[in-house]
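Please look over the backbone and the domain layout of the following entry. Some questions and answers come after it.

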Amino acid sequence: MLTRRKALQIASAGAATLSMTPILTIAKAADGFLEITAGPSRKKLYREDAAVSELWTYNGATPGPEIRLRAGETVKVRLLNNLDEPTSIHWHGIRIDNAMDGVAGLTQPAVPPGESFEYEFVVPDPGTYWYHAHNKSWNQVARGLYGALIVDEVEPAFSRGNDLTLVIDDWRLNRDGSLDVASLGHLMDWSHGGRFGNWLTVNGESRPEIRLVRGQSYRLRLINAANARIFEIDPGRFGAKILAYDGEPLEKPTAPIYAPMLLGPAQRMDLLVVTENDFVLEELSGDSPYPVAQFRAVDGDGPVPSSKSLMPNAIPEPDLNNARIVRVDMTGGAMGRMVETVYQGQVLAGEDYPRTGQLWAFNGVANLAEAPLFAAERGETIILEVVNNTAFMHAMHVHGHHFRVIERSGATIDDGDPWRDTFLVGPDQTTKIAFVADNPGKWLFHCHMLEHAAAGMNTWFKVA
Ligand code: C2O
Ligand code: CU
């Protein structure tokens, strides 16, 4: 893993980006579809005199355009593929019609180069979501194919100027400041903690300076778009409270009970900040703190914020007394944790691991098998008991459903049991989650450390 020290060496070469990127507007076609084109873009990720990066973007920018609408409205997006390889878009965290979930190879064929696909779905719940490529995500997301999807309350709780989206990414740059594409797909990353970078951006900019009006309250929507890095943040340092995890509001704004809080790949955390002084949002997982964004408290009137409290979304409550327990043993990876693994019906041995790139498994099976992990009746409560027999932490994501984390390593959890769509499970730890399988279709369950998913931590379940 590249250390933060390395990141800071590059950073200290000089960085000066000072404002938030305005939200891009998306062209709407005559038929009302937003047009999103996935294609190559040559951009400087780092400072002006750096080498150009070969990115892949939506509509020429990374993150792609923020898609923003109100709960109950319909998203209509036409994806046009200008890449040289097939792609698809997944709408992460949305309780969606299965056919629109965007999983290439499971819910739709990947969209070939030069072709298009129309996504049309209702967004039932307000919250902070995101969208990203879901074909070879380890490559396509690492190159920039993602964006925010924000669903406002029917009456938005915060006024527009007091509601900020921060999509945070972790890039691996070469010495000349260009994106390191040569190391994409390295099995060293796949077998360890995934692809770590050495340069963080917020909405595509490095260390943006964000002005907040003193005395006003703001909603900061943090989205971790990194392939593998778990951000460690300490919102308590600037007096922030947590409003929501993974798009799901807490009963009330809550002071963080851990320091630091972990924000794993694909996870979101909405913070409530009442601006008093300048502060810095730092990422603390490295040797020294990494400033992600600087916030300046300025005097001004600006819009008067409403900051109503948020209403919990109407997710069906799991019935724990009548639940089916499905155990998932996670194995594989470096540090001597490889065990016998089946891939496409064959038992892997020796040379097969590097040849297939399959290095991790759920219940001894690497990657999408013919048979689902389980098949649920519609409305059945499922408890997934996830046993991490590996030496690494993982960020496990359930498609199409939010779940409650009900137990961690034998203890009932001490931070309540919030709804989430992605949870972290530590090395040699067990986490139990519960949800009502209420949405018919084929749904993925995978590690959102995208190298791990590609290398075997990828399965699916069926809801009748
Ligand atoms: Cu955010 Cu299967 O994805
Ligand atoms: Cu993982």
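**Domains and local backbone**

In this predicted model, the protein is divided into domain 1 (4-153), domain 2 (187-298) and domain 3 (320-463).

Q: How many residues does the contact take from domain 1 and from domain 3?
A: The C-alpha centres of domain 1 and domain 3 lie 25 Å apart. The contact between these domains takes eleven residues from domain 1 and 13 residues from domain 3.

Q: Which classes of residue make up the side of domain 1 that touches domain 3, and how many of each are there?
A: Domain 1 gives eleven residues to the contact with domain 3. Sorted by class, the domain 1 side has two charged, four polar and five nonpolar residues.

Q: Where is Pro63, which a cis peptide bond joins to Thr62?
A: The peptide bond between Thr62 and Pro63 is cis, with omega about -5°.

Q: Which residue does a cis peptide bond join to Pro260?
A: Pro260 belongs to the loop between strand E15 (248-254) and strand E16 (261-263). The cis bond there has omega of about -5°, and the residue joined to Pro260 is Ala259.

Q: Is Arg207 buried or partly exposed?
A: Arg207 sits in the loop between strand E10 (199-202) and strand E11 (209-213). Its phi is near 40°, a positive value in a residue other than glycine. A residue counts as buried if 20 or more other C-beta atoms lie within 10 Å of its own. Arg207 has 19 such atoms within 10 Å, so Arg207 is partly exposed.

Q: What is the phi of Gln344?
A: Gln344 lies between strand E21 (342-343) and strand E22 (346-347), in the loop. This residue is partly exposed because 13 other C-beta atoms lie within 10 Å, and a residue is exposed if the number is 12 or fewer. Gln344 is not glycine, yet its phi is positive, near 50°.

Q: Why does Ala51 count as partly exposed?
A: Ala51 is in the loop between strand E1 (34-43) and E2. Ala51 counts as partly exposed because its C-beta neighbours inside 10 Å number 14.

Q: Which residues does Ala51 touch, not counting residues up to four places away in sequence?
A: Ala51 and Gly177 are 126 residues apart in sequence, while their C-alpha atoms are 5.7 Å apart in space. Leaving out residues up to four places away in sequence, Ala51 touches Asp176, Gly177 and Ser178.

Terms used
Residues are numbered from 1 along each chain as its sequence is written. Chains are lettered from A and ligands numbered from 1 in the order in which they are written. This is a predicted model: local features need pLDDT of at least 70, side-chain atom pairs count only at pLDDT 80 or more; totals for chains, interfaces and linings use all residues. Helices (H or I, at least four residues) and strands (E, at least two) are DSSP runs, numbered from the N terminus. Two residues are in contact if their C-beta atoms, placed from the backbone, lie within 7 Å. Domain bounds come from an automatic or database domain assignment. Ala, Val, Leu, Ile, Met, Phe, Trp, Tyr, Cys and Pro count as nonpolar, Asp, Glu, Lys and Arg as charged, and the others, Gly among them, as polar.
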